[in-house]
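Hi,

Here is the structure I said I would pass on. Have a look at it first, and then read on for what turned up.

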Amino acid sequence: MNKENSKYIESRRLNFKWFIEKDYKKIGWIKELNINENEFKNSAKLGKKFGNYEWQIFEKKSSESIGVIKAIEVDEKNEKIKLYIYIQKNKRNRGYATETIETITDFFMTEIFAKSIEFNCDVNNEAFKSVMEKTKYKLISKNENSLTYEITNIAFMNYFAVFGDIYI
């Protein structure tokens with residue numbers, strides 16, 4: 001897959017645009033992350049197959065930037081990818097995280113052919129646990145502070161024909 005083809009993805013209510021350097025200067029909500037801008041910009045070097053996938057999330061209706069989803073870790077041998085998502089605080093509880101995860105899961109499973117995708121969350125993040133259940137991710141490990149959820153390509157194919165249309 002050519003990385004150029006993944007620069008723009010669309011779902012029902014959202015657009016996903018690949019981050020470029022100048023985008024970071026425009027993001028007002030980045031301060032909510034409690035990390036410095038340089039730390040946020042440093043995507044993991046994810047290898048030949050997966051590349052460095054990082055999208056800014058926009059509402060279609062307003063064209064407003066509402067969050068980010070990015071690949072943060074890859075096990076190329078096992079074709080497993082770990083993703084990070086952030087939705088700005090005043091845009092939560094609208095289904096945007098669910099729609100984002102459905103869309104990007106579909107992209108990685110059908111375009112990149114990942115074998116599994118993981119997300120981590122804090123043990124007390126009830127809203128994210130609910131999103132993981134809605135999107136059919138399964139809890140695969142937990143410790144004192146965090147939970148790890150996963151969906152495999154087999155589980156994805158068994159449950160979903162396609163989450164929605166993806167325009168690449």
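Which residues of the largest nonpolar core touch the most other members? Keep in mind that this is a predicted model. The core has 35 residues, and the ones touching the most other members are Trp55, Leu83, Phe108, Ile117 and Phe119. At least two core residues come from each of E2, E3, strand E4 (65-75), E5, H4, E6, H5 and E8. The top contributor is H4, which gives eight residues. As background, nonpolar side chains tend to be buried together in soluble globular proteins.

In H5 (residues 126-134), the buried residues are Phe128, Lys129, Val131 and Met132. They sit on the same side of H5, because the arc they cover around the axis is only 160 degrees. Glu126 and Glu133 are exposed on the other side of H5. And what lies over the buried residues? The cover includes strand E5 (80-87), helix H4 (96-112), strand E6 (116-122) and strand E8 (146-152). After H5 comes lysine 136, with a positive phi near 70 degrees.

Lysine 129 has a relative accessible area of 16%, so it falls under the 20% limit for buried. Its side chain forms a salt bridge with glutamate 126, with the closest N and O atoms 2.8 Å apart. Glutamate 126, at 52% relative accessibility, counts as exposed.

Now the other charged pairs. There are eleven salt bridges by the rule used. One of them joins glutamate 99 and arginine 13 at 2.7 Å, N to O. Glutamate 99 is in helix H4 and arginine 13 is in the loop between strand E1 (8-10) and E2, so this pair ties together parts that are 86 residues apart in sequence. Glutamate 99 is buried at 7% relative accessible area, while arginine 13 is partly exposed at 25%. Another salt bridge is between glutamate 118 and lysine 82, at 3.9 Å, N to O. That one links strand E6, where glutamate 118 lies, with lysine 82 in strand E5, 36 residues apart. Both glutamate 118 and lysine 82 are buried.

Last, the rings. The count is nine aromatic pairs. Tryptophan 18 and tyrosine 53 have ring centres 6.0 Å apart and planes at 15 degrees, so they are stacked. Tryptophan 18 belongs to strand E2 (residues 14-18) and tyrosine 53 to the loop between helix H3 (47-50) and strand E3 (54-59), so the pair ties together parts 35 residues apart in sequence. Tyrosine 53 also pairs with phenylalanine 108: the centres are 5.4 Å apart and the planes at 90 degrees, so that pair is edge-to-face. Phenylalanine 108 is in helix H4, so here the parts tied together are 55 residues apart in sequence. Tryptophan 18 is buried at 12%, tyrosine 53 at 1% and phenylalanine 108 at 0%. Ring pairs join Trp18, Tyr53, Trp55, Phe107 and Phe108 into a cluster.

Cheers

Key:
Residues numbered from 1 in each chain as written. Predicted model: local features only at pLDDT ≥ 70, side-chain atom pairs only at ≥ 80, totals over all residues. Heavy atoms only, no water. Buried < 20%, exposed > 50% of the residue type's maximum accessible area, 1.4 Å probe, protein only. Helix = DSSP H or I, 4+ residues; strand = E, 2+ residues; numbered from the N terminus. Arc of directions from axis to C-beta. Contact = heavy atoms within 4.5 Å. Phe/Tyr/Trp six-rings, centres within 6.5 Å; stacked < 30°, edge-to-face > 60°. Core = buried A, V, L, I, M, F, W, Y, C linked by side-chain atoms within 4.5 Å. Salt bridge = Lys/Arg side-chain N within 4 Å of Asp/Glu carboxyl O.
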